[in-house]
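Here are my notes on side-chain contacts. Please read them with the model open.

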Amino acid sequence: MASTFRLSISFLTLLLFSLWVVEAHTSRKLISIKENEGQDTSHLLKDGEFDDPSLYMYFTPNDLKLGTKLLIYFYKNDLQKLPPLLTRQQADLIPFTKSKLDFLLDHFSITKDSPQGKAIKETLGYCDAEAIEGEHKFCGTSLESLIDLVKKTMGYNVDLKVMTTRVMVPAQNSISYALHNYTFVEAPKELVGIKMLGCHRMLYPYAVYYCHGHKGGSRVFEVNLVTDDGRQRVVGPAVCHMDTSTWDADHVAFKVLKMEPRSAPVCHFFPLDNIVWVTK
């Protein structure tokens, strides 16, 4: 059991280093994580639909079946522009709370009303906010703190598995990260009797992961999707939140799915740089 956990941690370390650019000192530049490659996706959008392709990640439990076709956007990251991964020693020297926002903006030479300044404020707000009923949440500001908090939340003596979304094509240089129609080519496989934490990379001057999971009411699936032309396959995790009654009524998922707020389950895929932890 312990060896399995160490193997997972080693895999995560390699994964994070492949996702982040490691620098010796704190970056003073905040980079947007989204790129849509300059591709025109308007031909895939219907009248009245959302212009931001990154919103196309939500679906309903009824969609989880062989043959369902969904419009999905899996965005690309430029590894040369990603914020750096800090060590715990580096991260602990920098305050990480909304109450120190003015100090942090000055520290990173970022103005309050700039997009970067607003992103910092939003990230700190997410991380400082109290967990909603039945939710586990935390923010990891270094690899060490992320691993420690995952173990504290999931259990010190459990076998853990790391899941990520992966895009596969015959030739690596032919991957397209734009908006595509994807079809489930296998029946989604539900992972039953597990605990789950989803860790989302946040916009911040250095690598920060916002991790959260629910004590009950969420279902996790492994999915296998293929584009219309059959040239690109995506495999990875998807989660369905079966109880949305405590969600913010203005959550974008309700607008994307055109449903009454808090009235029904919401499912979503994970961006390529997110990490999903599940117990085996």
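1. Is Trp 247 buried or exposed? Trp 247 is buried, at 10% relative accessible area. (Buried means under 20%, exposed over 50%, partly exposed in between, with a 1.4 Å probe and protein chains only.)

2. A word on the basis. This is a predicted model, where local features need pLDDT of at least 70, side-chain atom pairs count only at pLDDT 80 or more, and totals for chains, interfaces and linings use all residues. Residues are numbered from 1 along each chain as its sequence is written, and side-chain values use heavy atoms, with hydrogens and water left out.

3. Aromatic pairs come to 11. (Rings of Phe, Tyr and Trp, the last by its six-membered ring, pair if their centres lie within 6.5 Å; planes under 30 degrees apart are stacked, over 60 edge-to-face, the rest tilted.) Tyr 126 and Tyr 210 make a tilted pair, 5.7 Å centre to centre with 55° between the planes. Tyr 126 is partly exposed at 41%; Tyr 210 is buried at 11%.

4. Trp 247 also pairs with Phe 254, tilted, at 5.8 Å and 45°. Phe 254 is buried, with a relative accessible area of 2%.

5. The whole structure has 6 salt bridges. (Each is a side-chain nitrogen of Lys or Arg within 4 Å of a carboxyl oxygen of Asp or Glu.) Among them, Asp 148 meets Arg 88 at 2.5 Å, N to O. Asp 148 is partly exposed at 32%, and Arg 88 is partly exposed at 30%.

6. Glu 190 and Arg 219 form another salt bridge, at 2.9 Å.
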